[in-house]
Amino acid sequence: MANQVETLVASAAIKCPADKFYNFFKFSMNDIVKIFPAAFTGVELIEGEEGAVGNIKTWHYIVGAIPTTAKVLTEAIDDAAKTIKFSVLEGDLLLVYKSFKATLTVSDGLAKWSIEYEKATILSPPPQLYVPLVVTLCSLVDAFLLIN
């Protein structure tokens, strides 16, 4: 079981236009720190360009009351499908998981996060704490985009 890739899915209803929501995550993710400061405490673009495949950011965030750091690669962007795939390269998550990838897919009225992970050991828990984190994030970004 420790060598099996598993998937966890979280969805949130959105009211703003799908293109606007998708483009926020493609070009303006650094603003998450302003929108959701209780969970996201810092982000730095360390390589590449905003909105481009191959960019790497260091994220500082809190999940389950635990401060966490992750170095994240934007692995793929598909504008037609409104999909962005992120892959964790380094950080606290890789102490618990051999691999951790998150894919955001946006459609009219819905934002869906698919989290693919491979447990480091049989004792590694599924990343359930990320479900309320990404659902709350989507709700707050949606509210922000509706007034901005």
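Residues are numbered from 1 along each chain as its sequence is written. In this predicted model, local features need pLDDT of at least 70, side-chain atom pairs count only at pLDDT 80 or more, totals for chains, interfaces and linings use all residues, and side-chain values use heavy atoms, with hydrogens and water left out.

**The sheet**

Start with the strands (DSSP runs of E, at least two residues, numbered from the N terminus, as are helices, which are runs of H or I of at least four residues). Seven of them make an open sheet in the order S1-S7-S6-S5-S4-S3-S2, with antiparallel pairing; two strands count as paired if DSSP finds at least two bridges between them. Select 5-13 and 40-47 next: these are the edge strands S1 and S2, each pairing on one side only. From one strand to the next the twist averages 25°, where axes are lines fitted to C-alpha atoms (for helices, over the stretch in contact) and angles between N-to-C directions run from 0 to 180 degrees.

Now select 83-91 and 97-107, strands S5 and S6, which run antiparallel and are joined by five bridges. Ile-84 has Leu-104 in S6 as its bridge partner.

**The helices**

Select 18-27 for helix H1, which lies across S4 (66-78), S5, S6 and S7 (110-119) and runs at about 150° to S6. Then select 130-147: helix H3 packs on the sheet and touches S1, S2, S3 (56-63), S4, S6 and S7 (contact means heavy atoms within 4.5 Å). The direction of H3 makes about 30° with that of S1.

**The salt bridges**

The whole structure holds seven salt bridges, each a side-chain nitrogen of Lys or Arg within 4 Å of a carboxyl oxygen of Asp or Glu.

Select Lys-26 and Asp-79, whose side chains meet in one of them at 2.9 Å, N to O. Lys-26 is in helix H1 and Asp-79 in the loop between S4 and S5, 53 residues apart. Lys-26 is buried at 13% relative accessible area (buried is under 20%, exposed over 50%, partly exposed in between; 1.4 Å probe, protein chains only). Asp-79 is partly exposed at 43%.

Next, select Glu-50 and Lys-57, with their closest N and O atoms 2.9 Å apart. Glu-50 is partly exposed at 26%, while Lys-57 is buried at 5%.

Finish with Glu-75 and Lys-85, a salt bridge with closest N and O atoms 3.9 Å apart. Glu-75 lies in S4 and Lys-85 in S5.
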